[in-house]
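The sequence and structure are shown first.

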Amino acid sequence: MTRIGGTWQNWARSASVKPVRVERPRTPEGVQRAVQAAASQGLAIKAVGAGHSFTGIAVAPGVLLELDDLQGLVSADAGTGRVTLLAGTRLHRIPALLAPYGLAMQNLGDIDRQSISGAISTGTHGTGAGFGGLATQVVGLTMITAAGEFLRIDDEHDADLLPAVAVGLGALGIIVEVTLQCVPAFVMRAVDEPAPLDDVLATLDERVAASDHFEFYWFPHTDVALTKTQTRLPESTRREPLPVVGKWIDETLLSNGVYRVVCAAAQAAPAITPPFSRLAVKLTGDRAYTDLSHRVLTQSRTVRFREMEYALPVENVVPAFRAVQQLIAERGWRIEFPIEVRFARQDDRWLSTAYGRESGYIAVHRYWRADPTPYFEAVERIMFEHGGRPHWGKLHTLSASQLRERYPRFDDFLALRDRLDPERRFANRYLGRVLGP
């Protein structure tokens, strides 16, 4: 399906564009035809999944490919655990597709609205010091090159390219299929509990090492960390899910409904933010339950926000966090969203934020109607000073020259881009800034 005109916006309303036209292919061959047509007309072309990147990474001034109809399971092998999905498949649909085979994704981020191709291409990750980002689960993919040809990359075809294309930023081609290495389905025991922030920071290394998955949130203007500790268990483990009513009160009424009202009101009356934050840490974040992995790892977030996240060498997480804490106090800012701290294993994906180093992540957020610029720019300076690498799908200001210093394989990636897309068919303004012209 092709249509002319209209405005595309991402979920956070931080990026928008009026493309020359929008196409909605239903098959990989449809994607191929769209790329070939764009090339014949001298137009740039970009694919978009769910639009959950905060940056302009998916902005398409020429031809915009919506992958909403390119969803579903292509193949699955319960014996090997390898599963191939169409590129537009949303993460929240994958558990049901895998269930008949007794499989699950090894790890997930806390939001599951993204498409699988968008999630891996931007370096989406979850938490857990023993687990890499979603792109580390990729053992093969198929994409359409700028020449309009199918390119299969896996352990039998151009295997040396997999570390480059798994986190490809949409700069190397348009992914049409993704093959994941899945694991046997499993259950998780989750314990969410508040703890004194100073105690959490003092024992952070021990907490991370002792848990399969550990993270914490800190609402500025409080002295409490909301910790989340999760343990992986066999699928046969008895489940004790959250009570339906209690879960609705906690996650729908309080964490989304009431919170949305308070965030909106705080734009006119910032003084309400600190007392509400202190109340929030008393009313939420204290529960224990056991459920299927995807129900524990992900959560519903319906309050619109904007986000910046940096990956740091794990040893720099506490000093950087302390610096942000001091910054907020010194500036007297009323910050309505919590700061999130997570962890990931080092990996070999060239443009992964965890490439070659054990990593911790600090994410800052602001309500979408608030101007995040002063806060984000000041936090970014702290992250940069502590060796940070920005999440590709979240707001940041770094350029190619700064990013080159952070990624040992940066120039190798650019050389591959020159080879696969010499005419910059998949370029846009964001890629021009982070990769160079």
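The model is predicted: local features need pLDDT of at least 70, side-chain atom pairs count only at pLDDT 80 or more, and totals for chains, interfaces and linings use all residues. Residues are numbered from 1 along each chain as its sequence is written, and side-chain values use heavy atoms, without hydrogens and water.

The structure holds twelve aromatic pairs (ring centres within 6.5 Å, taking the six-membered ring of Trp; planes under 30 degrees apart are stacked, over 60 edge-to-face, the rest tilted). Two of these pairs are listed here.

| Pair | Centre distance | Plane angle | Class |
|---|---|---|---|
| Tryptophan 11 and phenylalanine 305 | 5.3 Å | 75° | edge-to-face |
| Tryptophan 333 and tyrosine 375 | 5.7 Å | 75° | edge-to-face |

Tryptophan 11 and phenylalanine 305 are 294 residues apart. Tryptophan 11 is buried at 17% relative accessibility (buried means under 20% relative accessible area, with a 1.4 Å probe and protein chains only), and phenylalanine 305 is buried at 1%. Both belong to a cluster linked by ring pairs, which also includes Phe54 and Tyr259. Arginine 304 lies over the face of tryptophan 11, 5.4 Å from the ring centre (CZ of Arg or NZ of Lys within 6 Å of the centre and within 35 degrees of the ring normal).

Tyrosine 375 belongs to helix 11 and is buried at 2% relative accessibility. The axes of helix 10 (residues 317-331) and helix 11 (residues 373-385) come within 10 Å and cross at roughly 145° (axes are lines fitted to C-alpha atoms over the stretch in contact, with angles from 0 to 180 degrees between N-to-C directions; helices are DSSP runs of H or I with at least four residues, numbered from the N terminus).

How values were computed
Helix = DSSP H or I, 4+ residues; strand = E, 2+ residues; numbered from the N terminus. Buried < 20%, exposed > 50% of the residue type's maximum accessible area, 1.4 Å probe, protein only.
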